[in-house]
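Here is a short briefing on a structural model. Please keep the sequence and the 3D view at hand while reading.

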Amino acid sequence: MINWLVKWSPAFGIVCLIVGAWQLLVKIQEIPSWLLPSPSSVATTIYSDHSMLMRHTLVTLEEIILGFFLALAVGVILASAICLSQTIEKALYPFIIASQTVPIIVIAPMLLVWIGYGLAPKIIVVALISFFPIVVNTVDGMKSIDPDIQKLMHTLGGKKAQVFSKIMIPSSLPYLFSGLRVAIAISVIGAVIGEWVGSSEGLGYLMIRSKPQFQTERVFAAIIILSFIGIGLFALITYLEKVFVPWSNEQRN
Amino acid sequence: MEKIVDNHISIVGLEKTIYQDGNPLKILDGVDLAIQKSEIISVLGPSGCGKSTLLNIIAGLDEPDGGDININGLDSDSRLGSVGYMQQKDLLLPWRSVKDNVILGLEIRGVSKRKSYQMVEPHFQSFGLSGFESNYPHTLSGGMKQRASFLRTVITEPDILLLDEPFSALDALNRSRLQMWLLDLLEKIQRTVLLVTHDVDEAIMLSDRIYVMTSRPGRINSVEKVPYPRPRDREIVNDSSFVELKSKILSFLWDQD
């Protein structure tokens with residue numbers, strides 16, 4: 001625990017510095033709280049509204065996690081197909097890239113029209129923006145195998161399916177995890193955008209509702225909770241990588 | 001005709017041309033090899049003389065443009081998977097333990113995991129790997145990795161072993177240790193071996209005959225018989241005949257370039 005605190009002390013230092021300066025600025029300049037609430041009033045809001053915030057947090061968390069798993073499944077399947085067939089690669093890759101150039105903020109309201117108001121459109125928005133780093137990284141990982149290992153597999157009598165399952169899949173795992181770390185961070189944004197477009201619950205909805213009501217503390221409270229969700233899930237994925245891909249660092253060195 | 005039947009590997013007039021940016025580049029220009037069963041043969045030659053291409057063709061990874069290659073009467077499709085090919089790098093898979101790396105070839109053949117472990121188990125001792133069966137490759141020394149790679153190559157019992165500079169990544173002391181270890185091993189398992197190397201000492205120390213190749217396009221320049229019976233002693237490096245043979249081979253290599 002102490003080691004952990006020491007390791008992250010630079011980050012804590014920066015947080016303390018920013019929070020301190022912010023508190024001071026609001027106090028000295030007498031900035032009204034609807035314009036910029038002080039850290040202490042945001043903290044008070046988090047404390048006093050915690051059950052309401054928790055309810056919205058769980059909704060957003062559910063969207064993030066379900067969307068993320070959908071992105072993981074779709075991403076890995078697409079990456080495998082791309083690596084197994086050049087025809088599929090040529091057919092699909094342009095569309096996969098194109099899917100990222102269409103602003104999600106345009107697609108999200110249409111999804112609402114097409115599939116309705118519930119959880120589904122949010123999950124799709126999350127998956128739509130987070131599958132991309134998963135596909136790109138996994139494809140790179142599968143293609144990064146040493147040609148000499150390919151030769152080795154052939155001289156041992158290995159067939160294409162065996163090269164895929166015994167070599168390509170394991171060697172893509174460190175790359176997959178890099179993709180997952182990027183994906184989880186942008187999943188959070190995806191969930192918020194999905195809620196902005198149309199919802200009645202979730203932290204994104206809370207922000208969009210609180211702003212015109214001049215409850216700026218709640219907007220900031222939501223931002224802080226979203227940051228913690230992002231950091232927490234990122235750390236969880238890093239931990240899972242250490243458990244499931246212990247050779248990852250060795251391989252990269 | 002009788003001679004061809006005797007030979008384990010018989011190669012006549014092998015030719016190979018590759019294309020680089022559309023320009024033809026002749027790699028092998030009429031290579032002849034005749035190797036008997038259980039012989040250890042070295043192929044020496046300057047860099048880029050096509051040694052690796054030759055091994056690739058024998059292993060069945062590549063097809064020649066001309067000439068004949070005959071290994072126990074097998075064509076290239078069935079050569080793949082039947083000839084043991086050990087490359088320069090150890091190529092151990094970082095996500096597998098030593099034990100699981102070694103059984104890769106057995107696994108590919110569909111041998112069950114339990115049976116595979118039973119098959120490799122008795123060899124860890126003589127391959128200097130006992131106690132390290134469950135280690136991951138990055139925790140092993142260079143020599144151990146190379147020995148694990150050897151075990152993976154021989155455990156599927158190919159009767160021909162192709163070795164492409166297997167010791168080049170090791171320091172001088174470990175290299176010489178591993179050479180003696182390999183000689184010892186080959187006394188026990190009796191395989192036909194084709195060793196590609198840059199190292200003249202290594203070629204003389206390990207092999208029964210040495211094929212010296214010309215620079216590109218590769219041809220056989222001379223075939224030297226090594227006058228020492230096996231098993232051998234490390235001390236033969238000090239013999240005058242060793243030094244003579246070495247300087248003769250070196251002069252062939254120097255005349256290249």
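This is a predicted model: local features need pLDDT of at least 70, side-chain atom pairs count only at pLDDT 80 or more; totals for chains, interfaces and linings use all residues.

Chains A and B touch through 14 residues of chain A and 18 residues of chain B. Helix α8 of chain B buries residues along one face.

**Contact between the chains**
- On the chain B side, helix α5 (residues 104–108) gives the largest share, with 3 residues.
- That side of chain B consists of 11 nonpolar, 5 polar and 2 charged residues.

**Helix α8 of chain B**
- Helix α8 runs over residues 172–189 of chain B and has 18 residues.
- From first to last C-alpha it reaches 25 Å, close to the expected 26 Å.
- B:L178, B:Q179 and B:L182 are buried in α8(B).
- Seen down the helix axis, the buried residues of α8(B) fall within an arc of 110°, so they line one face.
- An α-helix has 3.6 residues a turn, so residues three or four places apart point the same way.
- The cover over the buried residues of α8(B) includes α7 (142–154) and α9 (200–206) of chain B.
- Exposed residues B:L173, B:E187 and B:K188 sit on the face of α8(B) turned away from its buried side.
- B:Q190 follows α8(B) and has a positive phi, near 50°.

**Annotated spans in chain A**
- An unreviewed UniProt entry annotates "transmembrane region" in chain A, including residues 123–142 and 219–240.
- Residues 123–142 of chain A are 100% helix and 0% strand, with end C-alpha atoms 27 Å apart.
- Residues 219–240 of chain A are 100% helix and 0% strand, with end C-alpha atoms 32 Å apart.

Conventions. Residues are numbered from 1 along each chain as its sequence is written. Chains are lettered from A and ligands numbered from 1 in the order in which they are written. Two residues are in contact if their C-beta atoms, placed from the backbone, lie within 7 Å. Helices (H or I, at least four residues) and strands (E, at least two) are DSSP runs, numbered from the N terminus. Ala, Val, Leu, Ile, Met, Phe, Trp, Tyr, Cys and Pro count as nonpolar, Asp, Glu, Lys and Arg as charged, and the others, Gly among them, as polar. The expected span of a helix is 1.5 Å times one less than its number of residues. A residue is buried if 20 or more other C-beta atoms lie within 10 Å of its own, exposed if 12 or fewer, and partly exposed in between; C-beta atoms are placed from the backbone. The arc is that of the directions from the helix axis to the C-beta atoms. UniProt positions are given in the numbering used here, feature names are shortened, and annotations may be inferred rather than shown by experiment.
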